[in-house]
Structures are given as C-alpha cells and as structure tokens.
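Let's take a walk through a protein model together. Keep the picture open as you read, and look up each part when we reach it.

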Amino acid sequence: MSAPDVAIIGAGPAGLIAAERLAETGYKVALYERMASPARKFLLAGRGGLNLTHSEPLDVLLGRYGAARTWLEPAIQAFPPQALRDWADGLGAESFVGSSGRVFPKAMKASPLLRAWLARLAGLGVQLHAGRLWTGWDENGALRFSVRGGGEEIAKARATLLALGGASWPRLGADGSWAALLEQKGIAISPLRPANAGFTVAWSALMRDKFAGLPLKRIALSFAGQRVPGEIMIDAGGIEGGAVYALSGPLRDAIARDGKATLMIDLRPDLSEPELANRLAKRRPGETLSNHLRKAAGLSPVAVAVLREAVGGPLPAEPEALASLIKAAPLRLNGMASLARAISTAGGVRAEEIDRDFMLKRLPGTFIAGEMLDWEAQTGGYLLQACFATGVAAAEAIGRFLTTRHARA
C-alpha cells in the first residue's frame with residue numbers, strides 16, 4: 001500500500017468519525033489501533049444504552065464543558081447534537097430522546113451502529129491496522145508502531161491525527177501513555193485525572209454489610225454552590241452514580257487540596273424543611289425512630305442508614321433539628337476512585353498548545369481530537385458529543401491543511 005494522506009492513531013469515536021469525513025472527501029486514510037479491534041470503550045459504553053448526546057438547548061449543553069467551552073464551542077456548533085443524531089440515523093441506528101433528555105439509539109446498544117460504521121469505512125477504503133501501539137516518531141519524523149506479536153512498523157503520512165483517548169479503563173486501550181511522548185516534544189499536558197468516578201467513604205461495618213449495593217433514590221446533592229438531583233449507589237467503599245459524577249470535578253479538586261470534602265445530601269428534595277418538621281412532630285408514643293422516619297418522612301432504610309452515618313451517632317429527637325439534617329445530611333468523602341475505574345479522564349493536551357484547527361502549534365501537520373484534549377464533562381451524552389465534534393472539526397481542518405500544502409507545492 002502506498003503512503004496514506006492521513007494517519008489516524010486511535011480507533012475510538014473521534015478517530016473513526018475523522019476517518020469517515022476524510023475518506024468521503026477522497027483522502028487516503030490509514031487508521032492505527034492499539035487493541036485487536038476498534039472502539040472497545042465505545043462498545044462498553046453501549047452496554048448501558050449508548051448515550052450519544054443530549055437534547056437540551058445548545059447554550060445549556062455548551063455550558064456543561066465549563067472553562068473549555070470557549071475553545072470547544074466552534075466545533076460543537078458546527079457538529080451539534082442534531083447532526084450527531086442525523087449521522088446515527090444514516091447508519092440505521094435511529095435515535096430517541098429519553099425522559100431525562102438524553103439521546104439513545106433505539107437498539108440501546110453500540111454494536112449494531114459500530115458494525116454499520118466499520119462497514120461504511122471499509123467501503124470508503126479506510127485501511128484499519130489493529131494491534132499497533134504508537135511509540136512516537138523516528139529521526140525522520142515518521143510514525144513508529146510496536147506490532148502486537150513482535151516487530152515494529154514505520155509509517156509516513158502527509159498529516160497525522162492523534163485520537164488516543166484519555167487514561168480511564170486502560171484495559172480497553174486508552175492508558176494515557178501518549179502523554180510522555182508529547183511532553184518529550186515540549187507540549188504541555190495537564191495531569192490526567194479521574195472524572196465521572198465514585199468517591200470513598202469510611203462507612204461503618206454495619207453500613208458496608210447491610211446496605212452496600214443499594215441505591216439512594218430521589219435525592220439532591222450539593223457541593224461548592226452546585227446542586228444536582230438524581231440518585232447514587234452505595235457500595236462497600238463509598239458512593240458512585242450519576243448525581244455524584246456531575247460533581248466529580250469540584251469534589252476531586254477539593255480532596256486533592258484538603259484531603260477531604262463534605263457532600264451535602266438532601267434526602268427529601270420534594271419537601272421543604274418546615275413541611276418535614278411538621279410531619280416529624282406527629283410521632284406516636286412508643287414508635288421507633290426508624291419507623292417514624294419511614295412513615296412520616298418517607299425515608300427508605302438505606303436513607304435512614306446514611307442519615308445515621310452522616311452524624312456518626314444518635315439522631316436528634318427534635319423535629320426541627322431532624323428535618324434540618326434530612327435536608328442537608330453531611331457526608332464526608334475522603335478519596336476518589338482511581339483513574340483506571342473512572343468513566344472518563346480530566347486533563348490532557350492544554351488548549352494553548354493547539355490552534356483553532358486543533359493542530360499542535362509545535363508540530364505542524366499533527367492534530368488532536370477527543371479525550372486527549374484538556375476538557376471534561378459529566379455523563380449524559382456530553383462526552384461522546386465532544387469526541388465526535390472535535391473529530392469532525394479536526395478532519396475538516398486536516399482537509400484544509402492538505403489542500404493548502406498541495407496548492408503551495
């Protein structure tokens with residue numbers, strides 16, 4: 001095979017969509033993947049329904065990316081949620097909006113979409129080279145790959161897209177080893193940290209033995225001025241789940257700074273504190289406190305257990321004090337799950353290292369897309385949306401780069 005126009009390293013969503021866009025415009029694309037098959041993490045995400053994107057207004061969606069919004073916005077504006085849905089529909093993976101506003105394929109899994117996608121790429125002539133671990137550049141600037149089973153390959157292309165993912169779930173291929181290779185070129189990398197991960201709590205033995213594996217539903221979590229409704233799951237080592245994932249960034253940073261963080265849990269967000277106090281004032285003689293909390297406040301056994309863990313001792317008997325505690329139960333978090341267990345990765349190639357076309361300023365002709373970039377977002381479709389959008393944006397920029405170079409030649 002002759003040298004490709006574009007070498008794409010990493011066959012996740014960002015790399016695959018970039019390969020598709022470039023091949024559609026006539027470029028010869030070679031796709032290199034470390035694992036034996038592509039998009040392993042994408043398939044794992046599909047086991048939970050494959051949350052492609054979110055249906056909320058675009059301005060609200062863009063706000064989910066925090067400080068990274070300023071440089072991610074043009075890419076997401078150019079490839080917004082509806083464009084992603086149209087693309088999936090074109091592969092036969094018709095989507096729908098769930099009750100939470102999240103968007104899923106009707107099949108509720110990734111494998112049918114991925115099969116159709118890979119077939120489309122093969123039809124476009126994209127060459128997939130699996131089992132290739134990128135190890136950097138040789139003395140002539142060509143790409144070096146360690147081949148699974150032994151040996152090394154050298155590849156030269158007119159442009160390169162790096163889409164190697166973050167460092168979460170390393171057994172699926174993205175282990176962050178690319179960071180050292182780029183740092184050797186003088187490229188600044190924000191440290192890779194866990195995002196959308198659980199937190200550790202020093203539960204009592206009773207809590208671990210009796211309530212691990214149970215959900216805490218219809219609650220609201222508050223930290224650092226943010227309030228998130230939803231639910232969490234109790235496990236033997238702490239808590240996890242969508243509501244806490246939404247606060248994982250500020251919680252992570254507080255623990256890194258102070259060694260701990262106190263999360264406030266509203267166990268009855270649908271009731272005001274005075275309403276709760278009024279209900280709790282009507283306790284019958286001889287009624288146990290646990291039974292009273294179940295009947296008067298509507299607390300489940302696991303909610304009552306969390307309440308006891310929060311105070312670390314007897315619960316107050318006064319209705320007003322008890323209502324106040326139910327509305328703001330303090331739960332001390334003392335650590336975060338490891339990066340290997342996180343859903344996604346914070347940190348990556350810093351924004352100042354790329355131009356507005358996602359090209360590395362220090363390495364002209366080398367572009368970055370997806371989770372390698374320094375952004376993070378909560379679960380809910382925002383992760384895949386940004387990966388797809390930056391992959392599309394990088395592909396279009398590569399096309400402009402190659403066209404310009406050809407015109408100058």
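Which residues in helix 13 (residues 301–311) are buried? They are Val302, Ala303, Val304, Ala305, Val306, Leu307 and Ala310. Here, buried means under 20% relative accessible area, with exposed being over 50% and partly exposed in between (1.4 Å probe, protein chains only). Helices (H or I, at least four residues) and strands (E, at least two) are DSSP runs, numbered from the N terminus.

A quick word on the ground rules. This is a predicted model, so local features need pLDDT of at least 70 and side-chain atom pairs count only at pLDDT 80 or more, while totals for chains, interfaces and linings use all residues. Residues are numbered from 1 along each chain as its sequence is written, and side-chain values use heavy atoms, with hydrogens and water left out.

Now find helix 11 (residues 273–280) and helix 14 (residues 319–327). Their axes come within 8 Å and cross at roughly 130°. (Axes are lines fitted to C-alpha atoms, for helices over the stretch in contact, and angles run from 0 to 180 degrees between N-to-C directions.) That angle makes helix 11 oblique to helix 14: angles under 35 degrees count as roughly parallel, over 145 as roughly antiparallel, 65 to 115 as roughly perpendicular and the rest as oblique. Helix 11 brings Glu273, Leu276, Ala277 and Leu280 to the contact, and helix 14 brings Pro319, Glu320, Leu322, Ala323, Ser324, Ile326 and Lys327. Contact means heavy atoms within 4.5 Å.

Next up is another pair, helix 1 (residues 13–24) and helix 6 (residues 111–123), whose axes come within 10 Å and cross at roughly 40°. These two are therefore oblique to each other. On the helix 1 side, the contact is made by Pro13, Leu16, Ile17, Ala19 and Glu20, and on the helix 6 side by Leu114, Trp117, Leu118, Arg120 and Leu121.

Three of them form an open sheet in the order 3-5-4, with antiparallel pairing. Strand 3 (53–54) and strand 4 (95–97) stand at the edges with a single partner strand each, so one side of each has no neighbour in the sheet. Strand 3 pairs with strand 5 (residues 102–105) in the antiparallel sense over two bridges; two strands pair if DSSP finds at least two bridges between them. Across from Thr53 you'll find Val103 in strand 5.
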